[in-house]
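Student: I would like to go through this two-chain model with numbers and cut-offs. Can we begin at the interface?

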Amino acid sequence: MITINGLTKTHGHTTPLAGIDLSIARGESVAVVGSQADGRTMLMRILATLTPPTSGTIAIGGLDIVADVFRVRRLVAYAGLEPIHANRLRVVEYLRLVAGARGQSSAGACIAADLVGLNGDPSIEMLGDGLRERLPLAAALTSGADVILLEQPFRALDALATDRVCDWLVAARARGTTFIVADDQRVAGLCERTVVLRSGRVVEPSADGPPDRAPSVGELVGA
Amino acid sequence: MMRAIVLREALVAARRPALVGAAIVSATLLALFPIAWGVRGVPLDGASLYDQQFRLEWILALALLPWTAARVIATERADDLAGLSVAIAMPPSRVLLARLLAATIASVLVIGGALPVIISAQQMSAISSSRVIADQLGLLAFALPSAVITVWWMQLTTDRLVGWMGAAATTVILVLVARLGVATMNRAAVALAFGGVAAAAMLLERADVWWRYLSERAS
């Protein structure tokens, strides 16, 4: 599903990514572990097509991430750290926009809001910071994308919402959705494979083995 | 799929009080004109009340249409536009096309809000309906370039006030230039509408290049 060959990214005088080779199969779940300084966020942003690679090639679903950037975006959903502009929309209206623009049923918007513990009715502007941080995650869940990229997805969730989202992700993986979770720490139990980034390089690819059930919050955070 | 983003831009515009406010201000000022000056209008020339009110309508349009568009359109620009494009899997050009539609429709509604007052002036001045229709169609055609100029400006600045002032100044200059080249305001409006289509096409074509990715600073 995702093939990365010789990916580098230079940014001014720094090199956040210094030669990444990685292959991720359809329906696979991968945890990317490392700090932002190790290139974790940059890798996610490149996969999300928010920023182009400096060199190397990336193919998602057989499409080149640079040459076919807008077609790749239809395959990928990204829940990152970037704020969402409220524009006086209600939560459910924003989620319906994402679903509708991606050709998905708008019914998924309410389900995604419930999953992350958001009430769909209030205006986005009325949400506190913590609740507002859940919105990109809900948008990714409602997108129907083949590849879901999650940057610190559980940071704003309470225990119940975390469990619900994990259940959803495990079920989505069984349907063939690929997801990559980037976090400071190991997201044990949720992902089949862990990729550890240090100074922009993969230092420790490992197979953790797929769980046959959704992990609990304790399993997720405790590793 | 385009429907979703058009619906969103329309919703954003409809939720902002500026749209209703601009329509009320436009209609009220036009209605107050005969009250302030009497049905003979400003005693500067021999023009009828309708002629003078039509001039006032143009002056109001030059200021109010960019203001309305700047106030009602959604706020994403540059990096935020790239982020939205990723979130909804739609090129930035589609988002801006929907925004242009919303801004144009909002401008048309402001012009339409003043129509009852204009028709009253026509009745009082015994002006033919065909002339009023031609005048109003010219003004409606002007809604497009006004919206395009404002959306351009709002891509350049985060400040709605700066965007409005820049768009209003640009619009005034272009109207003056167009007026120099053609005999009537209606023809100038049509010429500007063609220019607006060209400017919109250029904006949409460049949008997918300029705002395809986050800026280097943001990434």
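Student: How many residues of chain B are in contact with chain A?

Tutor: This is a predicted model, where local features need pLDDT of at least 70, side-chain atom pairs count only at pLDDT 80 or more, and totals for chains, interfaces and linings use all residues. Residues are numbered from 1 along each chain as its sequence is written, chains are lettered from A and ligands numbered from 1 in the order written, and side-chain values use heavy atoms, leaving out hydrogens and water. Contact means heavy atoms within 4.5 Å. Chain A contributes 29 residues, and the number for chain B is 31.

Student: What area do chain B and chain A bury between them?

Tutor: Buried area is the accessible area (1.4 Å probe) that two parts lose on being put together, summed over both. Carbon and sulfur atoms carry 57% of it, and the total is about 2,800 Å².

Student: Which residues in chain B lose the most area to chain A?

Tutor: Three residues together make up 24% of what that side buries. They are B:Arg15, B:Val86 and B:Tyr213.

Student: Which side chain of chain A meets B:Arg15 in a salt bridge?

Tutor: A salt bridge needs a side-chain nitrogen of Lys or Arg within 4 Å of a carboxyl oxygen of Asp or Glu. The count between chain B and chain A is one. Its N to O distance is 2.7 Å, and the partner of B:Arg15 is A:Glu93.

Student: Which helix gives the most to the side of chain B that touches chain A?

Tutor: Across the interface there are 12 residue pairs in polar contact, both at pLDDT 80 or more. A polar contact is a pair of N or O atoms within 3.5 Å; within protein, one must be able to donate a hydrogen and the other to accept it, and residues adjacent in sequence count only if both atoms are side-chain atoms. Helices (DSSP H or I, at least four residues) and strands (E, at least two) are runs numbered from the N terminus. Helix H1 (2-15) and helix H4 (79-88) of chain B each supply at least two residues, and the top contributor, with eight residues, is H4(B).

Student: At what angle do helix H3 of chain A and H4(B) pack?

Tutor: Axes are lines fitted to C-alpha atoms, for helices over the stretch in contact, and angles run from 0 to 180 degrees between N-to-C directions. A:Tyr94, A:Leu97, A:Val98 and A:Ala101 meet B:Leu84, B:Ala87 and B:Ile88. The axes of H3(A) (residues 91-101) and H4(B) are 8 Å apart, at an angle of about 65°.

Student: How many bridges join E1(A) to E2(A)?

Tutor: The two strands form a hairpin with two residues between them, and A:Gly12 in the turn has a positive phi of about 65°. A:Ile4 stands opposite A:Leu22 in E2(A). The strands run antiparallel, and the bridges number seven.

Student: Which residue forms a salt bridge with A:Glu28?

Tutor: The closest N and O atoms are 2.8 Å apart. The pair links distant parts of the chain, 165 residues apart. The partner lies in strand E9 (residues 193-198) of chain A: A:Arg193.

Note on methods
Pairing = 2+ DSSP bridges.
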